[in-house]
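Open the structure in your viewer and keep the selection tool ready. We will go stop by stop.

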Amino acid sequence: MVIDADEEADLVLAQTAILLDRQGDREAAQLLADVTYLDFENTDDSYRTSSSTHVYVMAAVLYVDDHLVSAFTGEVRERIAPVLIDVALRNGYTATDRMYIKEVLPTIAKDWRSGLRERAQERPTNQARRERTAPNHPVEDGLAFGSRQEHQAYLALKQIQATTPPDRTIAIAPLPGVRLQAGHTWTPDIIVLGNGRAVVFEVDGPHHRDRRRYADDRNRDLQWQRCGIQVVRLPVEDLQQGEQLTNRLKEEVSRHLWPR
């Protein structure tokens, strides 16, 4: 089986994260789990081999979303870099001796100019920053969603909100930016608040069943539980049933926000 360059780089990223986790550096491991992709790029430096051939020094470049750049502090990079470079060398990236962090380039829609003009008139917000700059994401009530399934869950919760009495009303917050103690910002799919309590709803597609993603999800759930917040995971298959979905969400909202 032939492995392409992207898969090779992702293997280096995965092995580095797992090694750091084994060494007890869970913060660094979780930050690597949120890296968009790893690339290896030539630098301006080079050296001459015994055969008088110039070899350019390569840098491992971690591309991350804008809100994660600040999480990779100098101290965190110093913990990650030696492990990442060692793993890269062992995977055949022979001239790699440094590591950088770069922000991923934004996805651009055809109407990006009008989008920028609209954003200039909006109040600053942490809601769905990545989705607001990308095309074809569902929008409802001025709120953006990461997928059609998340939008479905929101519509069902909105229906529940409309039919509850004033003393049991709920607030619905899709894709808020949240800083947790693990050391970086996460974006839960939907947070529902009411009765002085909160519950997180996560919509899980098939990729959440991957072993690595499953472990990441469990770690995030643990971070929320340490805050006293429960997480309800909704497989996308369950979102196809309109009335059943509404009943399921109503039951979860009642159980977590108005426990008996």
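Keep in mind that the model is predicted.

**Stop 1: two helices**

Select residues 26–33, helix α2, and residues 74–90, helix α4. At what angle do α2 and α4 pack? The angle is about 85°, and their axes are 10 Å apart. That makes α2 roughly perpendicular to α4, because angles of 65 to 115 degrees count as such.

Now show the side chains where they meet. From α2, pick E27, A28, L31 and L32. From α4, pick V76, R79 and I80. Colour them by type: 5 are nonpolar, 2 are charged and none is polar.

**Stop 2: the largest core**

Next, select L32, L38, L62, F72 and I80. These residues have the most contacts inside the largest nonpolar core, which has 28 residues. Where do its residues come from? At least two are supplied by each of α1 (5–22), α2, β1 (37–48), β2 (54–64), α4 and β3 (96–103). Which of these elements gives the most to this core? It is α4, with 7 residues. In general, nonpolar side chains tend to be buried together in soluble globular proteins.

Zoom in on L62. Leave aside its neighbours within four places in sequence. L62 then touches L13, L32, V35, Y37, L38, F72, L84, M99, Y100, I101 and K102.

**Stop 3: the open sheet**

Move to the sheet of 4 strands. Its order is β6-β9-β10-β11, and the pairing is mixed. Which strands are at the edges? They are β6 (171–174) and β11, and each pairs on one side only. On average, neighbouring strands here are turned by 25° against each other, direction ignored.

Walk across the sheet, pair by pair:

- β6 and β9 are antiparallel, with 4 bridges. Find A171, which stands opposite L193 in β9.
- β9 (residues 190–194) and β10 also run antiparallel, joined by 5 bridges. G194 has R197 in β10 as its bridge partner.
- β10 and β11 (residues 230–235) pair in the parallel sense over 6 bridges. Look for D204 opposite P235 in β11.

Is β10 enclosed or open? Select residues 197–204: 7 of these 8 residues are buried, so β10 is largely enclosed by the rest of the structure.

**Stop 4: helices on the sheet**

Select residues 148–163, helix α7. This helix lies across β6, β9 and β10, and runs at about 170° to β6. Then select residues 242–257, helix α9. Helix α9 packs on the sheet and touches β9, β10 and β11. Its direction makes about 145° with that of β10.

**Stop 5**

Finish at D189, in the loop between β8 (185–186) and β9. Is D189 buried or exposed? D189 counts as buried, because its relative accessibility is 9% and the cut-off is under 20%.

What surrounds D189? Beyond its neighbours within four places in sequence, its contacts are E150, A173, P174, L175, F201, E202 and V203. Try the distance tool on E150: its C-alpha atom is 6.9 Å from that of D189, although the two are 39 residues apart along the chain.

How values were computed
Residues numbered from 1 in each chain as written. Predicted model: local features only at pLDDT ≥ 70, side-chain atom pairs only at ≥ 80, totals over all residues. Heavy atoms only, no water. Buried < 20%, exposed > 50% of the residue type's maximum accessible area, 1.4 Å probe, protein only. Pairing = 2+ DSSP bridges. Axes fitted to C-alpha atoms, helices over the stretch in contact; angles between N-to-C directions. Parallel < 35°, antiparallel > 145°, perpendicular 65-115°, else oblique. Contact = heavy atoms within 4.5 Å. Nonpolar A, V, L, I, M, F, W, Y, C, P; charged D, E, K, R; others polar. Core = buried A, V, L, I, M, F, W, Y, C linked by side-chain atoms within 4.5 Å.
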